[in-house]
Amino acid sequence: MAKRCVDALNEALHELLASRDDVYVLGEDVLDPYGGAFKVTAGLSDRFGGRVLATPISEASLVGVAAGLAIRGYRPILEIMFGDFVTLAFDQIVNGISKFREMYDGQVTVPLVVRMPMGGGRGYGPTHSQSLEKLLLGVPNLRVVAPSECHDLGELLGAAVADDDPVFFIENKLMYGRPNRRPEDGHVGELACRETAGPYPALLFSGSDFVGGSATIATYGGMLPAALEAATELILEEELFCEVVALSSLLPLDLDPVLESVARTGALVTVEEGTLTGGIGAELAARVQEAAFGELRAPVRRVAARDGVIPSAHGLERAVLPGPADVARAVLELAGTRAGER
Amino acid sequence: MELARLYGQMYRIRRFEETLLELFSAGKLVGTTHTCIGQEADAAGVIACLDPERDIVFSNHRCHGHYLAFTGDLEGLLAEVMGKATGTCGGKGGSQHLCRGSFYSNGVLGSIAPVATGMALAERERGSGAVTTVFLGDGALGQGVVYESLNLAALWRLPLLAVVENNFYAQSTPSRLQLAGGIPDRARAFGIETEQLDSTDVLEIREAAARAVARVRGSGEPFFLVIDTYRFSPHSKGDDHRDPAEIEARRLRDPLTVAAVGLGGEQRAAIERACEEELAAALAAARAAPDAG
Ligand SMILES: Cc1ncc(C[n+]2csc(CCOP(=O)(O)OP(=O)(O)O)c2C)c(N)n1
Ligand SMILES: [Mg+2]
């Protein structure tokens, strides 16, 4: 049985603190025995003492504090308890950490990692359930990394810590409790799975061994299970074979794996948990049509949360957030897909 | 002699800032600038107490005096403001986004306090004995992150010296319209030691700063130094609606005049001459340098 994602992340933090003296962990309630609101930092303060700092509730400042540490030679990892509260830190993000290296003409680097639990499905309501990573996509010089449950979480977190630029590391809250399903013998379950190279790889999934398909479903993070479920259902119910691409690098946007897959499938559906407007799907759609208009047989379709608040009540929340059925429907609604043109 | 050195420092800053304003008036500079004419004793007095090899300075939008006092790099700053490739930040930062060695500045008010706090934490962890000095204006005291930073600095016992240059204005807005309560009280609420002085006497400021720096270095804890001062120049280039009589009255306490009293006429003339020569050479070098980009 694969370990749970929360445990994989926790182990990775233990290893990072053990292997590098310059790594510090900061955040609200990160100390033992509490070990963080989602327990990702469990055991760290007992083991590494002074390098694990409990902070006041000062999100607006903490990203700046971490930047000060980073500029002066350390590699801080800051946890923002709920990613929703990254809004408080936007001045430091936009006018500070993303600019220091370039505006100081390369005289400094800002190697800091901000870990942010995002996403809904737990009934936490409008201000504790959002997926706000899209707000960071418009900030040049940041890196936004969003692992899925099939990624090597330890490798990704290690790459983020080793990165000389600020990395926002998006952890989906529902993902924490799920098994970290790494590909085995090139497969995850029944689906063939390939991993691209580099520190922030994408995962490509196919039910037909990448010989082609009806559509590419591009997603990331906590939406991967919905995309895989939809792809499997489409095979079983409709005999439609889709490829799924799970990106881990949202900024810079890792376009190549999506283009590679679209070249085989001729259509694209994007899937994200955040709200629709100005989202990652919009950016992907723009870039794919720019680079591969001739490959597309149908307009790109975006699956995302409704533009509104995420209600607390379970039924209301489910109605707003995208799920497997929304993904499958979007694929079926693509022009030419049912006709089996591919 | 110390006074002569400090006078030279202040004169150099004054003439640098005047030169910028002249260049702007002549249409030779674009963008914006905030000069510290009238406040030179703060930069000279405080920074005289710092160790340029070890300490850190984080400054704000009105940063030229701090930069010159800490780094000495007049030519790089001039070139930076003039948009030259040879500028401190290759022309990317301009007047208020400077970096050289352990000097940093950023033009977003208050925003520098958390970063300076993090730097103080880094130096504490490294055990370097460095003091991190952050310069704030009275207007920046309206920003919440300043108080978050003071809380953190006190809580974590960080070697941070916060210097408030209280010139009684934030851009066009006088203190009475933007500041409630006392300034040192703000830091005292966090248990931070404070001192306030109303002075343009560079020796007096240097003495107060020496006490503050010694406290921070000795105890490893933060200190909050408030210097009441006054800016003669406009907020940036020509935007001034203050009562001219108020400015004139404050000119009687011009830090250069105050310091000059302790110097001989010939000594002063020699300092000023050397400075004019340096400035002329820097201006010629910057003019000759290639434009950035
Ligand atoms: C966050 C932010 N808001 C507004 C400004 C525009 N601005 C630049 S300087 C200034 C006034 C600053 O006053 P103070 O802190 O007292 O410093 P002083 O200019 O008097 O040296 C303002 C409003 C800014 N740079 N940053
Ligand atoms: Mg002011």
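The following legends describe close-up views of a predicted model.

**View 1. The interface between chain A and chain B.** In this predicted model, 32 residues of chain A are in contact with 35 residues of chain B. The size of an interface is often expressed as the accessible area lost when the parts come together. Here the area buried between chain A and chain B amounts to about 2,500 Å², and carbon and sulfur atoms give 59% of that area. Of the area that chain A buries against chain B, 26% is supplied by Arg72(A), Met103(A) and Tyr104(A), more than by any other three residues.

View 2. Arg72(A) forms a salt bridge with Glu123(B), in which the closest N and O atoms are 2.9 Å apart. Between chain A and chain B, 14 residue pairs are in polar contact, with both residues of each pair at pLDDT 80 or more.

**View 3. Elements on the side of chain A that touches chain B.** Two or more residues of this side are given by each of strand E1 (23-27), strand E2 (52-54), helix H3 (59-71), helix H4 (90-97) and helix H5 (100-103) of chain A. H3(A) provides the largest share, namely 10 residues. By residue class, the side of chain A that touches chain B comprises 16 nonpolar, 11 polar and five charged residues.

**View 4. The cysteines Cys150(A) and Cys193(A).** A disulfide is a covalent bond that joins the sulfur atoms of two cysteines. A search of the whole structure finds zero disulfides over all chains. Cys150(A) is in no disulfide, and the nearest cysteine sulfur, that of Cys193(A), lies 6.5 Å away. Because a disulfide requires sulfur atoms within 2.5 Å, the 6.5 Å from the sulfur of Cys193(A) to that of Cys150(A), its closest cysteine sulfur, is too far for a bond. Cys150(A) counts as buried, because its relative accessibility is 0%. Cys193(A) likewise counts as buried, at 9% relative accessibility.

**View 5. The surroundings of Thr270(A).** Thr270(A) is located in strand E13 of chain A, which spans residues 268-275. With a relative accessible area of 1%, Thr270(A) is buried, because the cut-off for that class is under 20%. When residues up to four places away in sequence are not counted, Thr270(A) touches Ala218(A), Gly281(A), Leu284(A), Val300(A), Arg301(A), Arg302(A) and Val303(A).

Key: Residues are numbered from 1 along each chain as its sequence is written. Chains are lettered from A and ligands numbered from 1 in the order in which they are written. This is a predicted model: local features need pLDDT of at least 70, side-chain atom pairs count only at pLDDT 80 or more; totals for chains, interfaces and linings use all residues. Side-chain values use heavy atoms; hydrogens and water are left out. Contact means heavy atoms within 4.5 Å. Buried area is the accessible area (1.4 Å probe) that two parts lose on being put together, summed over both. A salt bridge is a side-chain nitrogen of Lys or Arg within 4 Å of a carboxyl oxygen of Asp or Glu. A polar contact is a pair of N or O atoms within 3.5 Å; within protein, one must be able to donate a hydrogen and the other to accept it, and residues adjacent in sequence count only if both atoms are side-chain atoms. Helices (H or I, at least four residues) and strands (E, at least two) are DSSP runs, numbered from the N terminus. Ala, Val, Leu, Ile, Met, Phe, Trp, Tyr, Cys and Pro count as nonpolar, Asp, Glu, Lys and Arg as charged, and the others, Gly among them, as polar. Buried means under 20% relative accessible area, exposed over 50%, partly exposed in between (1.4 Å probe, protein chains only).
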